[in-house]
Amino acid sequence: MEKLKFSEEEKRQIVQKVKIYFTEELDQDIGNFDAEFLIDFFAEEVGAYFYNRGLYDAQALFSKKVDELGESIYELERPTEFSR
């Protein structure tokens, strides 16, 4: 897996969210450097967990849609004298 990378705009927005969280929830002010350092730490150490969860969710959705497609195809069958 490639290292998790964010665009500059994404990183700016994430940094802002981290800073707001620290201020509102922990009553601590942190600077941009500290927020970026924390984001890099989480991306490196726990990012794969979130990434994998996204893959599992995508796989489950894909499987569900394939099943629905199979049902839709089955509904297109026309009656014949042949029985399964």
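Begin by selecting Tyr 51, Leu 55 and Tyr 56, which together make a nonpolar surface patch of about 330 Å² accessible area. A patch here joins residues with over 30% relative accessible area and no salt bridge, nonpolar side chains (Val, Leu, Ile, Met, Phe, Trp, Tyr) within 5 Å and like charges within 9 Å. Accessible areas follow the Shrake-Rupley method with a 1.4 Å probe, only the protein chains shown counting as cover for residues; a salt bridge places a side-chain nitrogen of Lys or Arg within 4 Å of a carboxyl oxygen of Asp or Glu.

This is a predicted model, in which local features need pLDDT of at least 70 and side-chain atom pairs pLDDT 80 or more, while totals for chains, interfaces and linings use all residues. Residues are numbered from 1 along each chain, and side-chain values use heavy atoms, without hydrogens and water.

Leu 55 is partly exposed because its relative accessibility is 43%, between the limits of under 20% for buried and over 50% for exposed.

Proceed to the largest pocket, of about 240 Å³. A pocket is an open set of points on a 1 Å grid where a 1.4 Å probe fits, with protein on both sides within 12 Å along at least five of seven lines; lining residues have an atom within 4 Å of a point. Its volume is the space filled by probe spheres set on the points. Among its 11 lining residues, Lys 3, Leu 4, Lys 5, Asp 40 and Ala 43 lie nearest the centre.

Methods:
Buried means under 20% relative accessible area, exposed over 50%, partly exposed in between (1.4 Å probe, protein chains only).
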